[in-house]
Amino acid sequence: MTDEHIIIIVSALGGLIGGMGMGGGTLLIPLLTMCSGVEQHLAQSINLIVFVPMSLVALFIHRKNGYVRLKAGAPIAVFAFAGAVAGSFATGFAKGYILRACFGGFLIALGVYQAAKITVAAVKKHRTKSCVECDGAPHTVK
């Protein structure tokens, strides 16, 4: 299997996972750098290029379903665009190992946050039980 095949397969997996709601870049970037030897700059560029059509399709679908509030989203979009442009210029000055370290740190922080969020939800679910004697009304167990 050639590098081109690996890149196509990894990109398709990243797009599939991105379509499910998880950021495809969390899979795409590490797989491109580890499996096919793509440099960090190029892997992040590929991720950003793949992100544009996926986000446009998602925006269209969410807008059609009435989930988009343009007045609330416009300021966020402006600052996100400015941050993306600034970040693009900043990566031009960064070495690959710095980008890998920053991205790795981001993934670790995201993993810790998600684990904490799941743990808190599980504890809350465990504390709130359904009581048969109270007609199934939920109450807090102390």
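Helix α3 bends by about 25 degrees at Phe51, and a proline, Pro53, follows within four residues; the bend is the angle between axes fitted to the seven residues ending at a position and the seven starting there. The model is predicted, with local features requiring pLDDT of at least 70 and side-chain atom pairs counted only at pLDDT 80 or more, while totals for chains, interfaces and linings use all residues. Residues are numbered from 1 along each chain as its sequence is written, and side-chain values use heavy atoms, leaving out hydrogens and water.

**Helix α3**
- The end C-alpha atoms of α3 are 36 Å apart, which agrees with the 36 Å that its 25 residues should span at 1.5 Å a residue, the expected span being 1.5 Å times one less than the number of residues.
- Gln40, Ala43, Gln44, Ile46 and Asn47 of α3 are buried, that is, under 20% relative accessible area with a 1.4 Å probe and protein chains only.

**Second largest pocket**
- This pocket has a volume of about 400 Å³, the space filled by probe spheres set on grid points joined across faces, edges and corners.
- A pocket here is an open set of points on a 1 Å grid over the protein atoms alone, with protein on both sides within 12 Å along at least five of seven lines, and lining residues have an atom within 4 Å of a point.
- Of its 16 lining residues, Leu48, Ala84, Val85, Gly87 and Ser88 are the closest to the centre.
- Both α3 (40-64) and α4 (70-93) supply at least two lining residues, and α4 gives the largest share, eight residues.

**Whole chain and confidence**
- The protein chain has five helices and two strands, taken as DSSP runs (H or I of at least four residues for helices, E of at least two for strands) numbered from the N terminus.
- Of the 142 residues of the chain, 16% count as buried.
- Mean pLDDT, the predictor's confidence in each residue from 0 to 100, is 78 for the chain, and 82% of residues reach 70 or more.
- Confidence is lowest in strand β2 (residues 138-140), at a mean of 58, and highest in helix α5 (residues 96-127), at 85.

Conventions
On a 1 Å grid over the protein atoms alone, a cavity is a set of points where a 1.4 Å probe fits but cannot get out, and a pocket is an open set with protein on both sides within 12 Å along at least five of seven lines; lining residues have an atom within 4 Å of a point. Buried means under 20% relative accessible area, exposed over 50%, partly exposed in between (1.4 Å probe, protein chains only).
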